[in-house]
Amino acid sequence: MSDRPTILCIVGPTACGKTALSVALAKRLNGEIVSADAVAVYRRLDIGSAKPTETERQGIPHHMIDCVDIADDSFTVSAFRDAARKAIDGIAERGRLPIVVGGSGLYLDSIFSDMQFSAPSDPEIRAQLERDYDADKKAVFETLSACDPIATKRLHPNDKKRVVRALEVYRVTGKPFSELNRAFETAQQDDQTYRTARIGLNPERTVLYARIDRRVDEMMQNGLLEEAYTLFREGYTPDRYRAMQSIGYAQLYDAYTGACSVAEAVERIKLDTRHFAKRQITWFKRNPNTVWIDPLAPDFEDVIRTCMELINSNE
């Protein structure tokens, strides 16, 4: 379809330099940025989500940031997809280049495919599972792990809504929720919605991990502890709201409740972020159409030229 908008997609693990590269390209290519970050969509989760500051944005419009309230547990991947596509189409209609940037693989894939998010349900089974969860969430999570280990790798035990939903689907269908959601794989195929130039950022692993550790230290220096504790005191806690189960906030909540020290929480943030980065790379590597580059190469202008050549070759 020749009338499909052409967009640039920049993917990669956390702390790999996506923001700097995307802003530089947007300035040169008359672009606007659409964030595909599952945490940056939430208002007030600023430091912990590494949300680009106004200074870092350099005047480039950013979409899909600060658009959902922390308490809104009804926000879904499907809702994100609809809003992101609306933003992309609006950018294209204004004659500018949409640049989709992020590290949340499912959110990114939802934009570029016709993923299906519905599955059979049973209100009575769900109600019983919710009661079981409230009585012993550890036991319910272990039950889910036994029948759908893939799902439990993606879920936090405190994520009541999704844990219950995954187990509900298994009870109704007899099949793991992860097996039903074949869209995880089909989403890696050629995009049918947009013409896409996809760039993957993949720094050398030890360099990436060092950047992650340094960024966590900078977050703490910039006020992450105060940001998290303020939200906890207002009642925004991981056991109540899904958004607060994000890396950074979840670990600091343990320090807040006295389950560990702040120093221990910080080390866990670093470790969990490194593990998350590894999973991100694995997810994005499955897409054969991604052109991989090292965004931390000494000559940043060479990185820019490589990206622009790829974009031009897709027009």
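Modeller: Let us begin with strands, which are DSSP runs of E with at least two residues, while helices are runs of H or I with at least four residues, both numbered from the N terminus; two strands pair if DSSP finds at least two bridges between them. The model is a predicted one, in which local features need pLDDT of at least 70 and side-chain atom pairs count only at pLDDT 80 or more, whereas totals for chains, interfaces and linings use all residues. Residues are numbered from 1 along each chain as its sequence is written, and side-chain values use heavy atoms, with hydrogens and water left out.

Biologist: Which residue stands opposite C9 in β4?

Modeller: C9 stands opposite V100, and β1 pairs with β4 (residues 97–102) in the parallel sense over four bridges. With β5 (residues 195–201), β1 also pairs in the parallel sense, over six bridges, and there the bridge partner of I10 is I199.

Biologist: How many residues of β1 are buried?

Modeller: Buried means under 20% relative accessible area, exposed means over 50%, and partly exposed lies in between, with a 1.4 Å probe and protein chains only. Six of the six residues of β1 are buried, with T6, L8 and I10 pointing one way and I7, C9 and V11 the other way.

Biologist: Which residues touch the most other members of the largest nonpolar core?

Modeller: In soluble globular proteins, nonpolar side chains tend to be buried together. A nonpolar core is a set of buried Ala, Val, Leu, Ile, Met, Phe, Trp, Tyr and Cys residues joined through side-chain atoms within 4.5 Å. Of the 47 residues in the largest one, L45, F80, V100 and M244 touch the most other members. The elements that give two or more residues to this core include β1 (6–11), α3 (77–93) and α14 (262–285), and the largest share, six residues, comes from α3. Apart from this core lies another, of 27 residues, among them C16, I60, L97 and V101.
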